[in-house]
Amino acid sequence: MPRLSLNHFRKLKRQGEKFASLTAYDASFAHLIEEAGIELVLVGDSLGMVIQGHESTLPVSIEEMIYHAQQVHRGSDNMLLMVDMPFMSYATPDTALHNAARLMREGYAQVVKLEGGNWLVDTVKLLTERGIPVCAHLGLMPQSVHQLGGYVVQGRANSDAERLRQDALALQAAGASMLLVECIPGKLAAEITQALHIPVIGIGAGAECDGQILVLYDMLGLTVKPPSFSKNFLTEQYSIQAAVQAYTQAVKSKAFPTIEQTFT
């Protein structure tokens with residue numbers, strides 16, 4: 001069976017079916033989560049915090065992202081492979097094109113993910129015109145944590161919510177194939193999901209997004225201070241694989257996230 005393509009997730013959105021995704025950083029976990037039913041894996045720059053022990057994602061390099069993407073690729077066969085573009089690897093369109101090509105050529109990425117709003121329109125357009133699928137990332141953007149003033153919910157004020165709506169539409173028009181929204185009110189995430197024809201993945205954004213994603217280490221209760229929107233699925237299961245299966249089923253049935261894990 002070949003790797004899932006973007007067409008699979010477009011079809012799920014049209015049919016109103018939810019999908020579950022997780023981060024992974026090595027071959028062993030990639031194999032395990034695929035066997036447990038995960039359809040999309042993100043090699044996230046969150047590895048800077050959960051693997052390397054940094055206080056933020058900012059120190060992660062493009063070489064490190066390629067290294068971990070290669071491991072995840074070797075450990076999986078069917079999942080769609082998405083890879084984060086790390087801090088300052090897409091500061092200009094030309095820089096983005098060079099580094100995105102490396103992630104696809106050397107790291108085997110099928111989709112690259114970039115954090116940012118309207119200022120990324122030209123970059124997204126350039127990448128997609130060159131055959132590089134893009135997942136845009138709005139809301140809480142960890143690479144901009146210092147500018148945002150910390151890991152705080154975005155889009156609560158009416159003006160901020162409207163800006164996020166317009167950014168989402170602009171990035172879709174520029175050619176983005178997916179959108180990830182992080183730490184925004186559930187109602188706003190639902191409105192954005194309904195307004196877009198591309199799949200929308202949520203993390204801390206309520207149950208109405210087309211798909212959900214969590215950092216694997218948060219979902220397994222391995223993070224010292226897990227975010228409030230996450231859940232430890234291992235506490236009620238007998239193995240890691242069973243925990244991932246429980247997470248997958250909870251997402252597909254809309255049992256996760258609950259109202260307690262959704263921002264208002």
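**Pockets, a cavity and annotated sites in a predicted model**

Mentor: The protein has eleven helices and eight strands. The model under discussion is predicted.

Trainee: What radius of gyration would a compact globule of 264 residues have, and what does the protein have?

Mentor: A compact globule with 264 residues would have a radius of gyration near 18 Å, and the protein has 17 Å, so the value agrees with the rule. Along the principal axes, the C-alpha atoms fill a box of roughly 50 × 40 × 40 Å. Buried residues make up 56% of the 264 residues. Of the contacts with a separation of 6 or more, 64% are accounted for by residues 24 or more positions apart.

Trainee: Which residues does UniProt list for "binding site", and why are they said to gather at one spot?

Mentor: The UniProt record, an unreviewed entry, lists D45, S46, D84 and K113. They span 69 residues in sequence, yet no two of their C-alpha atoms are more than 12.6 Å apart, so they gather at one spot. The lining of the largest pocket includes D45, S46, D84 and K113.

Trainee: Why is S46 called buried?

Mentor: Buried means under 20% relative accessible area. S46 has 14%, so S46 is buried. Its place is in the loop between strand 2 (40–43) and helix 3 (47–50). Leaving aside neighbours within four places in sequence, S46 is in contact with T23, Y25, T57 and V215.

Trainee: What makes K113 count as buried?

Mentor: The relative accessibility of K113 is 3%, and the cut-off is under 20%, so K113 counts as buried. K113 sits in strand 4 (residues 111–115). Not counting residues up to four places away in sequence, K113 touches L42, M82, V83, D84, M85, C135, H137 and L180.

Trainee: Are D45 and E115 buried or exposed?

Mentor: D45 has a relative accessible area of 4%, and E115 has 5%. Buried means under 20% and exposed over 50%, so D45 and E115 are buried. D45 is found in the loop between strand 2 and helix 3, whereas E115 lies in strand 4.

Trainee: How do you know that D45 and E115 touch?

Mentor: Contact means heavy atoms within 4.5 Å. Beyond four places in sequence, D45 touches T57, V60, M65, D84, M85, P86, E115 and Q143. On the same terms, E115 touches D45, Y90, L120, H137, M141, P142, Q143 and S144. Q143 is therefore a contact of D45 and of E115.

Trainee: What makes up the lining of the largest pocket?

Mentor: The volume of the largest pocket is about 730 Å³. Of the 35 residues that line the largest pocket, M49, Y151, V215, D218 and P227 are the closest to its centre. Helix 3, strand 4, strand 6 (178–182), strand 8 (211–214) and helix 10 (216–219) each supply at least two residues of the lining. By class, the lining divides into 21 nonpolar, seven polar and seven charged residues.

Trainee: Which residues line the second largest pocket?

Mentor: F87, M88, Y90, A91, E115, G116, W119, M141, Q143, S144 and Q147 line the second largest pocket, which has a volume of about 190 Å³. The lining has six nonpolar, four polar and one charged residues.

Trainee: Why is a space called a cavity and not a pocket?

Mentor: In a cavity a 1.4 Å probe fits but cannot get out, whereas a pocket is open. The count comes to one cavity of 30 Å³ or more, and about 30 Å³ of space lies in the largest cavity. G202, I203, G204, Q212, I213, L214, F229, F256, P257 and Q261 line the largest cavity. Strand 8 gives the largest share of this lining, three residues. By class, the cavity lining has six nonpolar, four polar and no charged residues.

Note on methods: Residues numbered from 1 in each chain as written. Predicted model: local features only at pLDDT ≥ 70, side-chain atom pairs only at ≥ 80, totals over all residues. Heavy atoms only, no water. UniProt positions renumbered as here; feature names shortened; annotations may be inferred. 1 Å grid on protein atoms, 1.4 Å probe; cavity = no way out; pocket = protein on both sides within 12 Å on 5 of 7 lines; lining within 4 Å. Helix = DSSP H or I, 4+ residues; strand = E, 2+ residues; numbered from the N terminus. Buried < 20%, exposed > 50% of the residue type's maximum accessible area, 1.4 Å probe, protein only. Points joined across faces, edges and corners; volume = space filled by probe spheres on them. Nonpolar A, V, L, I, M, F, W, Y, C, P; charged D, E, K, R; others polar. Rg over C-alpha atoms; globule rule 2.2 N^0.38 Å.
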